[in-house]
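This briefing concerns contacts between side chains. Please keep the sequence and the 3D view at hand while reading.

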Amino acid sequence: MSKPLVSVVIPVYNSEKYLQLAIDSILNQTYSNLELILMNDVSTDSSKEICLSNKDPRVFYFENEKNLGIARTRNAGFSKANGTYIAILDNDDISLPQRIEKQVEFLENNPDYGMCGTFYSVIDGEGKLVFKVELPTDYKDIHTFLLLQNCFSHSTTMYRSDLARELPYLVKYDAISEYYLWLQMSQRCKLANLPVNLGLYRIHGKNFSVKKMDTMVSLLKNLEAEILTSLNIDYSPEELTVYNHFLNFNFSFFNDSKNLVILESFLINIYTSLKKRDELNSAVIKNFITRRWIVLCLKSRNFSSVLSLKLIRAFSFSYFHYFLKQVMDKIQNKHLAFET
C-alpha cells in the first residue's frame with residue numbers, strides 16, 4: 001500500500017454500540033487514500049472484537065497494555081500515523097462522506113493553515129437529529145473565540161501531522177486536552193472551520209463528557225485561569241469562580257443576584273482588556289458576552305438584568321444589535337457555538 005495522505009485516528013474505549021458506525025463512516029469516505037488507526041484503551045466490552053472484524057487493508061488495530069486515558073491514547077495513535085494529515089474521530093461519532101475530501105482540499109490549497117474543523121450536527125443515542133451547530137470560520141475570529149471558549153468539534157478536526165506531533169495532547173488537561181491543544185496551535189498558525197456540515201456528534205448517557213462533567217468543569221476552570229493570566233487580566237478567586245459558572249452555563253449559581261453583579265463587572269473588565277489587542281476581533285467578544293449574558297439572565301430568572309446598563313454603556317449600540325440578532329436566530333432555531 002502506498003503511503004496514505006490521511007491517517008484517521010479513532011481512540012476506542014467501551015463503545016460497542018456505536019463503534020462500527022464510526023468505522024464505516026471512515027471506510028465509506030469519498031476520499032479513499034487513507035489509513036484508519038484504531039487505538040483500543042483496554043476496553044472491557046466487545047470493542048476489540050468489533051475492531052478486529054474489519055478486514056479492510058486500510059484498518060490497523062493497536063491496543064494499550066493498560067488503560068491510559070484519552071490524552072495518552074490519542075498521542076499513541078498519532079505515533080502510529082503515517083499520513084501527511086491526521087484526522088480525528090471519536091468512537092461514537094460519525095464523519096459524513098465528503099468530510100476527508102473537503103478537508104484535504106482545503107489544507108492542500110491553504111498551506112498557512114495548520115488545522116481545520118467543520119460545522120456539525122448533534123444527534124441523540126438513536127441517531128436522531130437534535131440540532132445543527134455553526135462555528136466561527138475566519139482565523140482571526142477563531143483566535144479570539146478560543147480565548148473565551150472552545151469553538152471546534154473534535155471529531156471534525158484534521159491536523160498537519162508534523163504540527164500534531166510537535167504539540168501532543170496534554171495529560172494534565174486529559175478530558176479537555178483538545179481545547180488546550182487548539183489554543184497552542186492558534187499561537188503558531190491559522191485555524192479554520194469549513195462552513196459545511198460534515199460531522200455528527202452523538203449525545204448519549206455514556207458519553208465521556210457526560211460521565212466526567214464535574215471533572216471537565218474543574219479542568220476548564222484551571223484552563224480559564226491560565227488563559228486570563230496569559231492575557232494579563234487580573235482576577236480574584238471569586239471572579240474566577242463566577243466566570244467559570246458563566247462559561248459552563250450553570251444557571252442556578254446565578255439565582256443569587258450577587259454573583260451576577262460580580263460577573264457583570266468582570267465581563268466588562270475582560271472586554272476592556274481584550275478590545276485593545278489588534279490580533280483579536282472585538283466584535284466577536286461583544287457578541288459572545290451579550291448573547292450568553294442574555295441566555296444566563298433569562299435562564300436564572302434575572303429578567304431585569306437582561307438589558308444591563310453597564311454592558312450597554314461598554315458596548316454602545318452593539319448590545320442592541322446582538323440582542324436583536326439572537327432573537328432572530330432563536331426564531332430560526334439556529335444554534336451557534338457559544339450557545340451549546
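A charge sits over a ring if NZ of Lys or CZ of Arg is within 6 Å of the ring centre and within 35 degrees of the ring normal. In this predicted model, the charged end of Arg 74 meets that description over the ring of Tyr 169, at 5.2 Å from its centre. The structure also holds nine salt bridges, and a search of the whole structure finds 14 aromatic pairs.

**Salt bridges**

- Side chains of opposite charge can pair when their charged atoms come close.
- Glu 126 and Lys 17 form a salt bridge through their side chains, at 3.6 Å from N to O. Glu 126 belongs to the loop between β6 (113–123) and β7 (129–134) and Lys 17 to the loop between β1 (6–12) and α1 (19–27), so this pair ties together parts that are 109 residues apart in sequence.
- Glu 126 is exposed, its relative accessible area being 61%, and Lys 17 is likewise exposed, at 54%.
- A salt bridge also joins the side chains of Asp 90 and Arg 74, at 3.5 Å from N to O. Asp 90 is in the loop between β4 (85–88) and β5 (94–95), while Arg 74 is in helix α3 (residues 70–80), 16 residues apart.
- Asp 90 is buried because its relative accessible area is 17%, under 20%. Arg 74 also counts as buried, at 5% relative accessibility.
- In Glu 166 and Arg 188, the closest N and O atoms of the salt bridge are 2.5 Å apart. This pair links helix α6 (residues 161–166), which holds Glu 166, with the loop between α7 (177–186) and β9 (190–202), which holds Arg 188.
- Glu 166 counts as partly exposed at 46% relative accessibility, as does Arg 188 at 49%.

**Aromatic pairs**

- One of the 14 aromatic pairs consists of Phe 78 and Tyr 159, which are edge-to-face, with 6.0 Å centre to centre and 75° between the planes. Phe 78 lies in helix α3 and Tyr 159 in strand β8 (residues 158–160), so the pair ties together parts 81 residues apart in sequence.
- Phe 78 is buried at 3% relative accessible area, and Tyr 159 is buried at 0%.
- Phe 249 and Phe 251 make a tilted pair, 5.3 Å centre to centre with 40° between the planes. Phe 249 counts as buried at 17% relative accessibility, whereas Phe 251 counts as partly exposed at 24%.
- Ring pairs also link Phe 145, Tyr 243, Phe 246, Phe 266 and Phe 288 into a cluster.

**A further charge over a ring**

- Arg 292 lies over the face of Phe 249, at 4.0 Å from the ring centre.

Terms used:
Residues numbered from 1 in each chain as written. Predicted model: local features only at pLDDT ≥ 70, side-chain atom pairs only at ≥ 80, totals over all residues. Heavy atoms only, no water. Salt bridge = Lys/Arg side-chain N within 4 Å of Asp/Glu carboxyl O. Helix = DSSP H or I, 4+ residues; strand = E, 2+ residues; numbered from the N terminus. Buried < 20%, exposed > 50% of the residue type's maximum accessible area, 1.4 Å probe, protein only. Phe/Tyr/Trp six-rings, centres within 6.5 Å; stacked < 30°, edge-to-face > 60°.
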